Amino acid sequence: MVEPQTTPPPLTPPLKGDGELPHAKSSSPLRVRGGGTRKTSSSEFLHPSLTRIWSWLAEIPDPEIPVISLIDLGIIRDVAWRGDTLEVTVTPTYSGCPATGIINLEIERTLVEPGIEKLELKRQLSPAWTTAWISAEGREKLTAYGIAPPQEGTAACAGALKPLTVSCPQCGSTKTERISQFGSTPCKAHYRCTECLEPFDYFKSI
Ligand SMILES: [Zn+2]
């Protein structure tokens with residue numbers, strides 16, 4: 001369906017005769033009610049504290065498992081001001097994970113929005129990310145969400161070298177069996193609890 005075209009009102013006032021925008025010459029400071037000049041602490045605005053930046057980053061969900069944040073995942077390795085530039089060091093998770101690009105975009109969006117102008121995302125491949133970097137809070141969130149958190153010290157994708165005891169995130173039973181090496185993503189394996197019969201994903205340890 002095509003709406004009939006109506007002429008929209010002009011978005012900007014017509015140019016004055018001299019070709020300049022009407023407000024181009026106005027240099028009066030911004031005023032707030034009461035007559036005072038608006039005070040913005042520009043240094044705080046342009047140079048937020050690292051604590052604040054970490055708190056913003058903690059709001060970014062992992063694109064694959066949105067119940068945990070990038071901070072829970074442990075992939076943000078460092079945040080530092082270098083002059084006017086904010087450097088954020090990120091270690092990608094599984095190298096094959098397609099989420100890396102989305103993660104970078106999300107970090108940019110989250111930090112540019114509150115006013116950070118110069119941002120540099122650094123990719124750090126070594127040491128490689130391991131599931132051991134997932135925070136205790138992140139593990140609790142995973143279990144609450146129905147994903148068995150990774151068990152450290154177990155074989156990763158091979159998995160078959162020694163039998164792995166994975167606790168059911170629903171009932172806590174250790175009577176579980178692996179249905180498939182790959183769950184909803186390659187990072188996870190598919191399991192089933194033989195106690196409560198619920199299927200669930202196990203976040204593979206690497
Ligand atoms: Zn169960």
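A: Start with a term: two strands pair if DSSP finds at least two bridges between them. The model is predicted.

By that rule, strand β2 (residues 85-90) pairs with β3 over five bridges, in the parallel sense. One link can be picked out by eye: T89 has K122 in β3 as its bridge partner. Strands of a sheet pair through backbone hydrogen bonds, either parallel or antiparallel.

Now widen the view. β2 and β3 belong to an open sheet of three strands, ordered β1-β2-β3, with mixed pairing. β1 (76-82) and β3 (119-123) are the edge strands; each has a single partner strand, so one side of each lacks a neighbour in the sheet. Neighbouring strands of this sheet are turned by 20° against each other on average, direction ignored.

Next comes the helix. α4 (residues 99-112) lies across β2 and β3. The angle between α4 and β3 is about 155°. The helix holds 14 residues. From first C-alpha to last, α4 reaches 20 Å, close to the 20 Å expected at 1.5 Å a residue.

Which residues of α4 are buried? They are I103, I107 and L111. These three cover an arc of only 55° around the axis, which puts them on the same side of α4. The general rule is simple: an α-helix has 3.6 residues a turn, so residues three or four places apart point the same way. The other side of α4 has exposed residues: G101, L105, R109 and V112.

The protein has five helices and seven strands. From the N terminus on, the elements run α-α-α-β-β-α-β-α-β-β-β-β. Of the 206 residues, 21% count as buried. Among contacts between residues at least 6 apart in sequence, 50% join residues at least 24 apart.

Further along, other strands pair too. β5 (residues 176-180) and β6 (residues 188-193) are antiparallel and share four bridges. There, S180 stands opposite H190 in β6. β6 also runs antiparallel to β7 (residues 199-203), joined by five bridges. A189 stands opposite Y202 in β7. The hairpin of β6 and β7 has five residues between the strands, and L197 takes a positive phi near 70° in that hairpin.

Terms used: Residues are numbered from 1 along each chain as its sequence is written. This is a predicted model: local features need pLDDT of at least 70, side-chain atom pairs count only at pLDDT 80 or more; totals for chains, interfaces and linings use all residues. Helices (H or I, at least four residues) and strands (E, at least two) are DSSP runs, numbered from the N terminus. Axes are lines fitted to C-alpha atoms, for helices over the stretch in contact, and angles run from 0 to 180 degrees between N-to-C directions. Two residues are in contact if their C-beta atoms, placed from the backbone, lie within 7 Å. The expected span of a helix is 1.5 Å times one less than its number of residues. A residue is buried if 20 or more other C-beta atoms lie within 10 Å of its own, exposed if 12 or fewer, and partly exposed in between; C-beta atoms are placed from the backbone. The arc is that of the directions from the helix axis to the C-beta atoms.
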